[in-house]
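Here's a quick tour of one model, starting with a helix and the sheet under discussion. Have a look first.

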Amino acid sequence: MSTPSVLVLVQGYPSLSDRYNMAYVHTRLLGYLQAGLDVTVLNFGAQACYHYEGVQVLTEAAYLNQRNKYSYLIAHAPNLRNHWRFLLRYGQSFPRWIFFFHGHEVLHKQNYYPAPYTYSRHQQPLLRLADRLYDHVKLRLLHRSFKDWLQQGHLQLVFVSEWMQQAFFDNLKLERELVLAHAHVIPNAVHPAFLSTHWQQHSRLNADLVTIRPLDNPKYAIDQVAELARQHPDLRFDVFGRGQYFEHNPPSANLRTYDRFLNPEEMLHLLPHYRAALMPTRLDAQGVMMCELASFGMPLITSDLPICREMLQSFERVHFLESPQDPLAHLIQKLSQNPLPSHQPFAFKALIQQELALLKQT
């Protein structure tokens, strides 16, 4: 029996120069390799072919020059510009398709994403208008395409959360029964490093609360972090991330900023030097970093949103912040006394097994 082969379509993929570009896809594919599948990635954003940790990554031109046949076609966060163009031209040569949805690819973003911060609203208004028109065309095309493909019966859909699946229904207006017959909810796994040990507060603290967020995207609510710092002058806050927010909104004296991102190894070294993580959000399809911090057992304060409760309600060291008036000092102390995670819903092995089972039945 020949080894099952998989072609994976992505807009971006990790490389030696950018290890975090859609890294959650790479984590999945390593599991496929361990299970004996033959995996190839078609990276629409790649300028040259390369290998990364055992995975072959092709440009589109290189793919078209080969004659390999694949058992499965997988598309992560499929977009119109590349994925749909490829599918319309070459999709019929693949007997089985699986699409993974991670967020904006099936959303009318204007109805979900918060308004830009004031300092960036004047930037590129024509691009924002074009983006709205694109979403309108996108959803009309997706409705028609998905209806046809689902009726043909060789397409499976994977959503990273129940929230993401419901957003798919709300935006595409497809028959619920038709979709559910081919739909699966499988979250992204957390990085294995966050399961290898548990958070334990260090005797030497850098500050009370740490936030790790891009600064300019309002969905990550860095303005709420700044406001909480102003309302709690007795606590110290550290923010790691890049962006211009604090250039236009100077922070209070008890909030320090660090213009950098952190990889998982750096995070594991740094996090014990804080009493809790403060990670508010206005919009998420899963919130992988929050899932990592909760899995690590670190006290975590996040927003009281349906998606946050769906992902994190089983973790006893997580608090869903309802009001900025909540007394944070008492809350942090209480969370740290709660039990560590008794189970790990985002463990790599269990989630990969679900995906492998789906591949076998597709």
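Helix α7 (residues 222–231) lies across β9 (209–212), β10, β11, β12 (276–279), β13 (300–303) and β14, and runs at about 165° to β10. Helices here are DSSP runs of H or I with at least four residues and strands are E runs of at least two, numbered from the N terminus. Angles go from 0 to 180 degrees between N-to-C directions, with axes fitted to C-alpha atoms, for helices over the stretch in contact; contact means heavy atoms within 4.5 Å.

This is a predicted model, where local features need pLDDT of at least 70, side-chain atom pairs count only at pLDDT 80 or more, and totals for chains, interfaces and linings use all residues. Residues are numbered from 1 along each chain as its sequence is written, and side-chain values use heavy atoms, leaving out hydrogens and water.

Now the sheet: six strands in the order β11-β10-β9-β12-β13-β14 make it up, open and with parallel pairing. Strands pair if DSSP finds at least two bridges between them. β11 (255–258) and β14 (318–321) sit at the edges with a single partner strand each, so one side of each has no neighbour in the sheet. On average, neighbouring strands are turned by 25° against each other, direction ignored.

Four bridges join β10 (residues 237–240) to β11, and Val239 stands opposite Thr257 in β11.

| Helix | Residues | Angle |
|---|---|---|
| α7 | 222–231 | about 165° to β10 |

Overall, the protein chain has 13 helices and 14 strands.
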